[in-house]
Amino acid sequence: MMIGALVMLVPVVWMFSTSLKPESAVLDANPKWIPNPITLEHFYRLFTQAQDFPVLRWLANSVFVACSVTLLVLIVTSTAAYAFSRLKFPGRDVLFMVVIATMMIPGQVNLIPVFLIVQKLGWFNSYFGLIVPCIAGAFGVFLLRQFFLSVPVELEEAAFVDGAGLFTIYWRVVLPLAKPALATLAIFTFIGAWNDFVWPMIVTSDISMRTLPVGVMIFQGRYVTEYGATMATAAICSVPTIIAFMIFQKRITEGIAMTGIKG
Amino acid sequence: MRPSRRTYLLIWITICLAAVCGCGPRKTPARSKVVTLQFWNGFSGPDGTTMERIVRRFNSEHPDIKVRMQIIPWGTYYDKVTLGLAYGGAPDVFVLHCDALPRYADSSSLSGLDDLVAKGGLSEGDFMPRPWQACHWKGKQYAIPLDCHPQGLYYNVDLFKKAGIVDEHGNARPPANLKEFLADAKKLTVDTNGDGTPDQWGFVFTWLRTNYVTVLSQYGGSLLSKDSRESTLNTPQARAALDLMTDFVGKYKIAPRPEGQDAWIGFQTGKVAMALEGIYMLSSLEQQKNLHFAGAPCPMFGKQRGAWANSHFLVMPAKLSAEKRRAGWTFIKYLSDNSLEWAKGGQVPVRKSILASPAFRQLPVQYEFSKQLPYVQYVPASISINQVLPFADAAVEAALCGIKAADEALAEADRRTREVLARE
Amino acid sequence: MKSRNQTLAAAFFLLPYATVFLVFVLAPVVYGFYISLHKWYILAPRPEFIGLRNYRMVLGDDLFRLAMLRTAFFVVMVVPAGNALSLLLAVGLNQNFRGTAFYKVAYYLPVVMSVSVVAILWRWLYSTEFGLLNHYLGQASGAMHHVLPKVFPASWKTEWLNNPRTAMPAIALLSVWWGAGGNMLIYLAGLKNIPRQLLEAAEIDGASPIKRFWAVTWPLLRPTTLFCVVMSVISSSQVFGQTYILTGGGPYYSTLTVILYMYQQGFGQYQLGYAAAVGYLLFAAVLVFTLIQFRLLRVKQ
């Protein structure tokens with residue numbers, strides 16, 4: 001058990017350790033775990049070296065894109081999941097199966113056609129291109145539908161009797177009850193959107209439109225051997241998701257448990 | 001309740017439509033008396049500074065044309081150019097390497113220049129034939145060559161003198177053929193501390209691709225057939241050229257295995273006596289203190305003279321307004337006329353008049369390298385050359401590092417090249 | 001009346017999702033196939049319809065076949081080892097003891113890091129001169145060197161990512177490290193679903209922990225295992241980020257995976273039709289393989 005934890009954590013700790021070491025101490029044939037002295041010179045350099053590697057801009061892009069995707073996913077999939085779980089309409093189950101089936105498609109296969117579609121829409125190198133194609137995941141619909149199905153129908157029927165329209169029921173009754181599931185979906189979506197590498201790389205060519213994961217790669221491509229600085233970029237890219245994970249880890253385990261049970 | 005639902009729907013549809021329509025590519029600004037030209041190139045470092053200077057002078061001398069230069073590092077340059085040509089946002093004048101011309105010309109992305117050349121200002125007679133010819137694709141001309149950057153021999157003058165390889169005036173004498181080269185390199189490969197590994201090498205392989213093309217051309221071979229329709233990687237010439245290079249490492253032991261390390265640093269720090277590299281490496285040497293070097297044409301390893309070269313071509317996109325095309329042509333002519341200035345940054349001009357000028361002879365290394373212009377060898381003109389070159393690279397590297405036998409490596413590269421050519 | 005209301009309402013609720021889903025998930029599947037039936041260089045004035053010729057050329061493409069082999073190799077290295085590790089960790093976590101939360105966080109941490117971060121981190125770990133891996137291997141080997149000098153060298157200087165023989169295993173190792181936490185949580189959920197009574201009954205019957213695992217836990221875990229293995233195969237067959245960032249397919253095409261090849265053809269050479277065909281062939285292969293897996297792992301009920 002301990003060995004497992006060690007194996008998993010050791011590289012991550014090493015990354016942070018390296019990022020805090022002065023450059024001269026980084027390339028050491030006898031690696032030391034605790035940086036001595038601890039220095040923020042790499043981080044300082046990253047944030048001030050803006051011409052070819054706009055780290056601050058990448059950070060801002062990542063924040064904007066990840067938050068937007070998360071927000072849009074919550075809105076868009078919750079309404080869809082509500083329709084699939086509560087409303088009766090022709091072809092409902094077939095359509096739902098289609099959505100679930102797409103979870104099995106290797107996502108990379110869609111890269112080229114989506115790229116061409118985005119070009120046709122004029123969304124290349126734009127925030128629209130970074131955000132919109134990423135919000136139609138099937139996972140969210142699946143998760144939320146599961147949850148909505150478990151909400152007692154009586155609550156909704158009571159509201160309906162009181163004269164509430166469907167949208168009001170959705171907004172005022174079902175959604176607040178679904179807070180745990182929404183939180184789970186939010187955290188998954190956020191982490192996924194933040195860490196996305198391939199799509200942001202393909203849909204942007206302007207260096208100022210790229211997100212952190214792509215920036216990390218670009219930076220190390222030029223400064224391969226400057227491990228202090230490259231580890232610092234890696235650290236900046238990981239800290240938000242690590243923190244988010246630590247705060248919401250219960251949500252994540254529950255969320256995965258729900259997928260696993262169905263599978 | 002019903003009206004508000006419909007309102008929601010309408011609002012939603014409006015938002016979606018607005019989002020889709022509002023994000024098309026930006027429209028170009030309205031016309032004014034000054035024609036603005038977007039000029040793209042990949043010239044970073046000293047090259048870029050030199051070009052900036054030339055552009056600034058052009059702008060001041062031509063009040064009716066404003067050239068806006070954008071430098072995009074070569075790594076992402078061609079992606080940006082391709083996407084710009086495909087989806088909008090392409091520059092008005094830009095630079096292409098010689099080997100990139102075929103695929104852009106073949107897809108009708110470039111403006112044919114025959115009519116502009118016929119009008120005058122730049123005549124074929126003043127250009128070196130090979131670069132000029134390389135600007136043509138399927139009988140039409142699409143580019144004007146700005147320069148040529150051939151490969152040549154850089155040699156360390158101090159090491160040569162120390163080893164006694166001098167001419168009658170006491171100046172270092174670079175080798176002219178294989179025999180001299182091997183003899184010199186042997187003298188210059190020295191193991192000072194007796195640990196079995198030389199501390200000073202007579203020769204080192206830098207960019208394998210260009211080294212191989214040079215040797216191959218001297219053996220009368222080429223990567224592809226004359227019409228670029230067939231692979232000639234598995235021919236006796238190809239094998240002989242590769243065998244010679246592997247012999248440098250294995251048999252004659254005058255060069256180390258080209259594994260991993262940046263071999264050029266060895267020459268920069270005076271640990272290597274000779275290297276074959278392009279003229280564009282000149283600025284990286286001029287900055288080295290205590291390095292006394294000189295340039296010479298590539299030694300003749302095979303039965304004929306030959307040297308790898310590439311060129312920067314000036315091109316314009318096919319979809320260009322007549323006004324911008326005229327302005328672009330003026331700019332291109334200006335750049336070509338000022339290619340002496342450009343050469344100072346570490347390039348070789350291709351205008352005969354400039355090559356013959358005394359001012360050019362003042363640039364010693366460029367002048368030496370320019371002697372090869374009559375017989376420089378570009379990589380074959382093919383729309384698939386970008387796929388073929390990595391195959392050749394892999395074969396040469398595998399053979400030189402002892403991973404594969406040269407024959408096997410070339411056969412494999414040959415097979416893959418044939419497949420790519422069949423897909424054209 | 002009510003159902004007509006509901007259909008209209010459903011349309012309203014579904015519209016946003018459906019739009020994005022249609023345009024960016026469903027349409028691309030069809031459009032991608034359409035692209036693959038054309039000779040489609042991005043700058044060509046008109047793509048040329050050539051039917052299934054791209055597929056024939058891809059199947060005959062030496063590099064494609066090589067990439068399929070490398071990808072298969074990668075899947076074989078990552079899926080069994082990764083799932084076994086995940087299961088092991090889940091079993092360990094299932095035993096209620098203090099601090100499970102800490103271990104859960106520790107094991108899952110790599111999963112929340114981006115592929116580019118994981119890749120460059122491991123490039124640093126794999127560094128020949130200064131990487132942790134070579135350092136500790138060197139220390140261990142150096143200690144043994146005194147005992148068995150012929151077998152254990154005094155120092156360890158493997159060039160993990162530069163050597164064609166070790167590059168792919170190195171990438172596989174980091175991929176296992178990266179992904180183990182994900183499946184672990186699923187296995188854990190599956191384990192928690194196993195009725196306590198069955199395990200207790202087996203214990204009363206005198207079965208050892210290992211016997212209990214094989215007789216009770218393992219069969220009941222089958223649906224979870226199937227799910228995890230299938231998803232692992234699907235995702236690992238699409239490996240791209242690690243190979244693109246760390247080796248670019250080299251050295252000597254030893255780490256060329258199919259999606260990397262597709263990317264090189266589509267976004268490097270801009271041969272969109274050909275690249276699309278590469279992608280769809282992989283899709284077909286994975287689909288067939290998934291169906292086989294379903295058959296194999298479902299047969300014994």
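## Chain A

Among contacts in chain A between residues at least 6 apart in sequence, 75% join residues at least 24 apart; two residues are in contact if their C-beta atoms, placed from the backbone, lie within 7 Å. The model is predicted: local features need pLDDT of at least 70, side-chain atom pairs count only at pLDDT 80 or more, and totals for chains, interfaces and linings use all residues. Residues are numbered from 1 along each chain as its sequence is written, while chains are lettered from A and ligands numbered from 1 in the order in which they are written.

The secondary structure of chain A comes to 14 helices and zero strands. Helices (H or I, at least four residues) and strands (E, at least two) are DSSP runs, numbered from the N terminus. Buried residues make up 46% of the 263 residues in chain A. A residue is buried if 20 or more other C-beta atoms lie within 10 Å of its own, exposed if 12 or fewer, and partly exposed in between, with C-beta atoms placed from the backbone. Along the principal axes, the C-alpha atoms of chain A fill a box of roughly 70 × 50 × 30 Å.

## Chain C

Chain C has 13 helices and two strands. Its radius of gyration is 24 Å, well over the 19 Å that the globule rule gives for 301 residues, so chain C is more spread out than a compact globule. The radius is taken over C-alpha atoms, and the globule rule is 2.2 Å times the number of residues to the power 0.38. The C-alpha atoms of chain C fill a box of roughly 70 × 65 × 35 Å, taken along the principal axes. Of the 301 residues, 47% count as buried. Residues 24 or more positions apart account for 68% of the contacts in chain C with a separation of 6 or more.

Chain C is assigned domain 1 (37-126 + 161-299) and domain 2 (131-160); such bounds come from an automatic or database domain assignment. The centres of these two domains of chain C, taken over C-alpha atoms, are separated by 31 Å. Eight residues of domain 1 of chain C are in contact with six residues of domain 2 of chain C.

## Contact between chains A and C

On chain C, 67 residues are in contact with 67 residues of chain A. Helix H1 (residues 2-36) of chain C gives the most to the side of chain C that touches chain A, with 19 residues. That side of chain C divides into 50 nonpolar residues, 16 polar and one charged. Here Ala, Val, Leu, Ile, Met, Phe, Trp, Tyr, Cys and Pro count as nonpolar, Asp, Glu, Lys and Arg as charged, and the others, Gly among them, as polar.

## Nonpolar cores

The largest nonpolar core has 171 residues, and those with the most contacts inside it include Ala80(A), Leu144(A), Val118(C) and Tyr261(C). A nonpolar core is a set of buried Ala, Val, Leu, Ile, Met, Phe, Trp, Tyr and Cys residues joined through C-beta atoms within 7 Å. The largest share of this core, 16 residues, comes from helix H7 (residues 167-192) of chain C.

Not counting residues up to four places away in sequence, Ala80(A) touches Val141(A), Phe13(C), Leu14(C) and Tyr17(C). A second, separate core of 123 residues includes Cys135(B), Val350(B), Phe391(B) and Val420(B).

## Domains of chain B

The domain assignment of chain B gives domain 1 (35-148 + 311-377) and domain 2 (152-308 + 384-422). Their centres, taken over C-alpha atoms, are 29 Å apart. The contact takes 18 residues from domain 1 of chain B and 17 residues from domain 2 of chain B. On the domain 1 side, helix H2 (45-61), helix H17 (364-370) and strand S13 (376-377) of chain B each supply at least two residues. H17(B) gives the largest share of that side, five residues. The residues of the domain 1 side divide into eight nonpolar, seven polar and three charged.

## Strands of chain B

An open sheet of five strands in chain B has the order S2-S1-S3-S12-S6, with mixed pairing. Two strands pair if DSSP finds at least two bridges between them. Strand S2 (65-71) and strand S6 (144-145) of chain B are the edge strands, each pairing on one side only. Strand S1 (residues 35-41) and strand S3 (residues 93-97) of chain B run parallel and are joined by two bridges. In S3(B), Val93(B) is the bridge partner of Phe39(B).

Strand S7 (residues 149-156) of chain B is joined to S11(B) by two bridges, and the two run antiparallel. The bridge partner of His149(B) in S11(B) is Asn310(B). S11(B) also pairs with S13(B), in the parallel sense over two bridges, and Ala307(B) has Val376(B) as its bridge partner in S13(B). From strand S11 (residues 307-310) of chain B, Ala307(B) and Ala309(B) point one way and Trp308(B) and Asn310(B) the other way, and all are buried.
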